[in-house]
Amino acid sequence: MHCMTIDLESWIHSDELLWFISPKDGKERKIKDNGHILQSTKEILHLLDLYKAKATFFVVAEIYDWYPSLVEEIKSKGHEIAFHTYNHPLPIEDSAELANQIKLSRRFLSRFKPKGFRAPLLNAKRSLFPTIKDHFKYDSSLYHYRTFEIDGIKEIPVSTMPFMRREPYFPKHLNLKLIAGEFPYGSGYCLGLLGKSISHLIKYEERKKRSSLIFFHPWQMHAPPPCFLEKKFLITNPKWIPYSSNIRKTIIHLLKNFKWGTIERLYGI
Ligand SMILES: [Zn+2]
């Protein structure tokens with residue numbers, strides 16, 4: 001079994017996609033999102049049902065303020081609800097900022113009691129871990145090729161295929177240092193870049209009796225965010241090109257060919 005994880009956030013929570021607008025608060029972010037998150041998440045839920053798969057949703061708690069019934073629906077279908085901050089700061093600067101994000105999310109946290117945490121951009125500084133441990137049972141904020149323990153908390157990383165073995169470092173996110181030593185095939189970026197070919201890597205790991213953990217964003221499954229339609233955006237930000245392809249067919253292919261469960265179930269957390 002493998003873990004499919006979804007970072008439940010709007011395209012509007014990604015600052016680089018906001019080059020032409022800068023919403024000042026959550027209300028304005030919801031207006032600019034314009035229901036995009038609802039449509040794309042419903043599509044994901046439909047596919048998970050169709051292939052009898054369970055997933056872990058790392059929820060930006062602001063989405064619960066926007067559409068409480070959407071998060072309730074995810075929970076009622078037996079998927080895992082985990083935490084992805086309140087409004088997705090890029091990145092979380094220090095533990096005081098993380099504590100504030102937790103405070104802002106009180107309503108969400110007391111309703112769902114999530115066990116897992118993931119930092120935006122998978123950018124978690126080492127100094128955040130004592131605060132993560134105080135509130136959660138596991139973290140999933142790094143790219144790595146095996147699980148490990150850090151400051152007394154279990155790390156369930158997004159999958160990589162290592163070219164060289166090395167100890168985890170912090171933050172360990174998508175950048176040149178990472179790809180110099182490992183191929184981060186579990187990233188939403190690689191799903192957009194390689195599509196169905198990702199399944200060869202998952203199969204390879206499966207033969208070695210290892211589970212893969214992948215993640216993607218709802219907006220990758222749906223009509224592209226408005227900024228992708230502005231030609232100037234992709235020309236001036238070519239690194240976003242893999243994110244501009246709709247990964248719906250790839251997700252269907254992965255759902256058909258592998259078994260998927262939640263992190264809490266697979267790792268007995
Ligand atoms: Zn995110």
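Biologist: What makes up the largest nonpolar core?

Modeller: The largest nonpolar core has 54 residues, and those with the most contacts inside it are Phe-57, Val-59, Ala-61 and Ile-63. A nonpolar core here is a set of buried Ala, Val, Leu, Ile, Met, Phe, Trp, Tyr and Cys residues joined through C-beta atoms within 7 Å. This is a predicted model: local features need pLDDT of at least 70, side-chain atom pairs count only at pLDDT 80 or more, and totals for chains, interfaces and linings use all residues. Residues are numbered from 1 along each chain as its sequence is written.

Biologist: Which residues does Phe-57 touch, not counting residues up to four places away in sequence?

Modeller: Phe-57 touches Ile-6, Leu-8, Ile-74, His-79, Glu-80, Ile-81 and Ala-82. Two residues are in contact if their C-beta atoms, placed from the backbone, lie within 7 Å.

Biologist: Why is the protein chain called as compact as a globular protein of that length?

Modeller: The secondary structure of the chain comes to 13 helices and 13 strands; helices (H or I, at least four residues) and strands (E, at least two) are DSSP runs, numbered from the N terminus. The radius of gyration is 17 Å, close to the 18 Å that the globule rule gives for 269 residues, so the chain is as compact as a globular protein of that length. That radius is taken over C-alpha atoms, and the rule is 2.2 Å times the number of residues to the power 0.38.

Biologist: Why is His-88 called buried, and why does Asn-87 count as partly exposed?

Modeller: A residue is buried if 20 or more other C-beta atoms lie within 10 Å of its own, exposed if 12 or fewer, and partly exposed in between, with C-beta atoms placed from the backbone. His-88 has 24 such atoms, so it is buried. Asn-87 has 18 C-beta neighbours and therefore counts as partly exposed. Ile-252, in helix H12 (residues 248-257), has 14 and is therefore partly exposed too. Buried residues make up 41% of the 269 residues in the chain.

Biologist: How do you know that the buried residues of H2 are on the same side?

Modeller: The buried residues of H2 are Ile-37, Ser-40, Thr-41, Ile-44 and Leu-48. They cover an arc of only 95° around the axis, so they lie on the same side of H2; the arc is that of the directions from the helix axis to the C-beta atoms. The face turned away from that buried side carries the exposed residues His-46, Asp-49 and Leu-50. What covers the buried residues includes strand E1 (2-8) and helix H1 (26-33).

Biologist: What is the span of H2 set against?

Modeller: H2 (residues 36-50) has 15 residues and reaches 21 Å from its first C-alpha to its last, close to the 21 Å expected at 1.5 Å a residue. The expected span is 1.5 Å times one less than the number of residues.
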